[in-house]
Amino acid sequence: MLAIFRLYPDAYVKYEFINRGDTSFPEGFAEQLKEEIARMTSLAMTKQEKAFITERCYFFDPAFIDFLEGYRYNPDEVQVLQAGDRIKIEIEGYWFRTVLWEVPLMAIISELYFKMMGVEPQDIRVRATEKAKALAGMKADYSDFGTRRRFSYDVHDQVVGCLKEHSGPYFKGTSNVYLAMNIIQHR
């Protein structure tokens with residue numbers, strides 16, 4: 001995003017969700033998704049998060065960090081339609097703004113799908129611990145990039161916690177800045 005912010009501030013884009021898994025979405029999914037998207041307008045960087053970003057992302061200049069602090073999601077940038085069990089999602093606007101929709105929107109789609117389908121997580125801590133120990137046993141350095149397709153925030157938080165707890169120095173971190181901040185602050 002920083003590169004887009006600096007190099008392409010006038011780039012106006014339009015992109016769409018691609019259903020690579022050919023998932024059938026339940027009736028009413030689009031309406032529920034629109035409600036979740038509308039709730040994103042209340043999200044704002046906290047002082048604690050700003051301090052964390054300023055310290056850990058020293059390569060971000062103050063103007064960019066101030067932009068992030070003032071950023072608010074605009075639901076008008078996202079269009080959601082449903083026809084039968086298919087959804088169509090388009091995002092349109094200035095690239096430096098709309099790029100921030102990708103990860104949380106994908107997480108919301110995944111989480112909402114599991115919720116509406118009534119799927120319950122199974123053996124999360126056991127499976128994550130087994131995976132962490134196996135990777136540590138191989139001395140494999142790895143990181144978590146699971147936000148986009150997570151079951152839920154709570155499950156993701158548990159998984160990252162297990163990876164951290166059971167992998168020793170081989171778990172290098174997570175791409176989820178909020179979870180990373182929590183890991184570092186609770187060492």
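Which residues lie nearest the centre of the largest pocket? They are Tyr 73, Leu 100, Pro 104, Val 177 and Tyr 178, among the 40 residues that line this pocket. This is a predicted model, in which local features need pLDDT of at least 70, side-chain atom pairs count only at pLDDT 80 or more, and totals for chains, interfaces and linings use all residues. Residues are numbered from 1 along each chain as its sequence is written, and side-chain values use heavy atoms, with hydrogens and water left out.

**Overall layout**

- The protein has nine helices and five strands; helices (H or I, at least four residues) and strands (E, at least two) are DSSP runs, numbered from the N terminus.
- Read from the N terminus, the order of elements is α-β-α-α-α-β-β-α-α-α-β-α-β-α.
- The C-alpha trace spans about 45 × 45 × 25 Å along its principal axes.
- Of the 187 residues, 36% are buried; buried means under 20% relative accessible area, exposed over 50%, and partly exposed in between, with a 1.4 Å probe and protein chains only.
- Among contacts with a separation of 6 or more, 77% are between residues 24 or more positions apart, where contact means heavy atoms within 4.5 Å.

**Strand pairing**

- Strand 1 (residues 12–16) runs antiparallel to strand 3 (residues 86–94), and five bridges join them; two strands pair if DSSP finds at least two bridges between them.
- Within strand 3, Glu 92 stands opposite Lys 14.
- Strand 3 also pairs with strand 2 (residues 78–83), in the antiparallel sense and over six bridges.
- Ile 87 in strand 3 is the bridge partner of Gln 82.
- Strands 2 and 3 form a hairpin with two residues between them, and Gly 84 in the turn has a positive phi of about 65 degrees.

**Largest pocket**

- The volume of the largest pocket is about 1600 Å³.
- On a 1 Å grid over the protein atoms alone, a cavity is a set of points where a 1.4 Å probe fits but cannot get out, whereas a pocket is an open set with protein on both sides within 12 Å along at least five of seven lines; lining residues have an atom within 4 Å of a point.
- Grid points are joined across faces, edges and corners, and a volume is the space filled by probe spheres set on the points.
- Two or more residues of the largest pocket's lining come from each of helix 2 (29–39), helix 3 (47–56), helix 4 (62–70), helix 6 (102–117) and helix 9 (177–185).
- Helix 6 gives the most to this lining, with six residues.
- By class, the lining of the largest pocket has 28 nonpolar, four polar and eight charged residues; Ala, Val, Leu, Ile, Met, Phe, Trp, Tyr, Cys and Pro count as nonpolar, Asp, Glu, Lys and Arg as charged, and the others, Gly among them, as polar.

**Second largest pocket**

- The second largest pocket has a volume of about 540 Å³.
- It is lined by 20 residues, and Phe 17, Ile 18, Met 106, Arg 148 and Arg 149 are the closest to its centre.
- Strand 1, strand 3 and helix 6 are the elements that give two or more residues to the lining of the second largest pocket.
- Helix 6 gives the most here, with seven residues.
- The lining of the second largest pocket divides into 11 nonpolar, four polar and five charged residues.

**Nonpolar cores**

- The largest nonpolar core has 31 residues, of which Leu 33, Phe 60, Val 78, Ile 89, Trp 101, Leu 105 and Ile 109 touch the most other members; such a core is a set of buried Ala, Val, Leu, Ile, Met, Phe, Trp, Tyr and Cys residues joined through side-chain atoms within 4.5 Å.
- Helix 1 (2–7), helix 2, helix 4, strand 2, strand 3 and helix 6 each give two or more residues to this core.
- Helix 6 supplies the largest share of this core, five residues.
- A second, separate core of eight residues includes Ala 132, Tyr 142, Leu 163 and Ile 183.

- Ala 180 lies in helix 9 and counts as buried because its relative accessibility is 18%.
- Leaving out residues up to four places away in sequence, Ala 180 touches Phe 52 and Thr 174.
- Val 160, in helix 8 (residues 153–167), counts as buried at 2% relative accessibility.
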